Amino acid sequence: MIYDLLAPFYDAINAEIDYKKWADFIEKILNKECVSRPELVLDLGCGTGKMTLELARRGYDMTGIDYSPEMLDIARSLADEEGHDILWLCQDMREFELYGTVDAAVCCLDCINHLENEEDLDKCFRLVHNYLIPDGIFIFDINAKYKFENIYADNTFSMEEEGGVCIWENYYDFDSKLCDFYITFFKECSDGRYERYDEEQSERMYTLKEIKASLERCNLEFISAYGDLDFSEGSDDSERIYIVAKCRKG
């Protein structure tokens, strides 16, 4: 039920994201790091498919994976409207299976932060390594230390969309590096009443050093970290870090 309620808010929350600019950024990295143009590309944690579709429009053969069937329903509908043949898989990032290898993988909008411990982080990275071709490129982003400590922190946010209201409260634990989100939805019923639903989710803060260590354990070579789509240098003091890694086999 929680993803069914969250799905209509998901794109509204991320309404300010320029997916075309982000896809341009991804393509510049692929052009720089890949020997030839990738054909098969995985979008891991694709949500409602905004980035999957943007890359599909550019001619990539896309596969989108997400844990939420409600998110994937939206993604599938959008793809069908545009006539894109995209493989959508409802799977966990820690346990996903593909039918074969891919040339590149992307994971956008801090999905990696939802992996709450290093064991799960390694599971995800090992699977990415398993399904990437030799020298395949992995591009992903994380919410950085600065954002957890200064923006998420212990703040409360709210959003109203047609048919409902979403309120979430943040509590960040500096010791565990976990930020708990206590999310409350008020869904409008046909008779004008509102039903309340409560859910708790978490994100884990990873330092750039911790991410690099996990990549190394999983035979993914760290290439670069950027603080924005302008290719400025990324660090723990950035709000978001965009990370590029390369698959090493053998």
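Analyst: The discussion below takes aromatic pairs, charges over rings and cysteines in turn. The model is predicted.

User: How is a pair of aromatic rings described?

Analyst: The description rests on the distance of the ring centres and the angle of the planes. This structure holds 14 aromatic pairs. In one of them, the ring centres of F96 and Y131 lie 5.7 Å apart with planes at 35 degrees, so the pair is tilted. F96 belongs to the loop between strand 3 (87-90) and strand 4 (102-107), and Y131 to helix 5 (residues 118-131), so that distant parts of the chain, 35 residues apart, are linked. Both residues, F96 and Y131, are buried.

User: What is the geometry of the rings of F125 and F138?

Analyst: Their planes stand at 80 degrees and their centres are 5.9 Å apart, so the pair is edge-to-face. It links F125 in helix 5 with F138 in strand 5 (residues 132-143). Both F125 and F138 are buried.

User: Which residues form one aromatic cluster?

Analyst: The cluster consists of W22, F25, Y226, F231 and Y242.

User: Where does the charged end of R37 sit?

Analyst: It sits over the ring of Y60, 4.0 Å from the ring centre. Likewise, the charged end of K212 sits over the ring of F222, at 4.5 Å from its centre.

User: Is C247 buried or exposed?

Analyst: C247 is buried, because its relative accessible area is 0%. C189 also counts as buried, at 17% relative accessibility.

Conventions:
Residues are numbered from 1 along each chain as its sequence is written. This is a predicted model: local features need pLDDT of at least 70, side-chain atom pairs count only at pLDDT 80 or more; totals for chains, interfaces and linings use all residues. Side-chain values use heavy atoms; hydrogens and water are left out. Buried means under 20% relative accessible area, exposed over 50%, partly exposed in between (1.4 Å probe, protein chains only). Rings of Phe, Tyr and Trp (its six-membered ring) pair if their centres lie within 6.5 Å; planes under 30 degrees apart count as stacked, over 60 as edge-to-face and the rest as tilted. Helices (H or I, at least four residues) and strands (E, at least two) are DSSP runs, numbered from the N terminus. A charge sits over a ring if NZ of Lys or CZ of Arg is within 6 Å of the ring centre and within 35 degrees of the ring normal.
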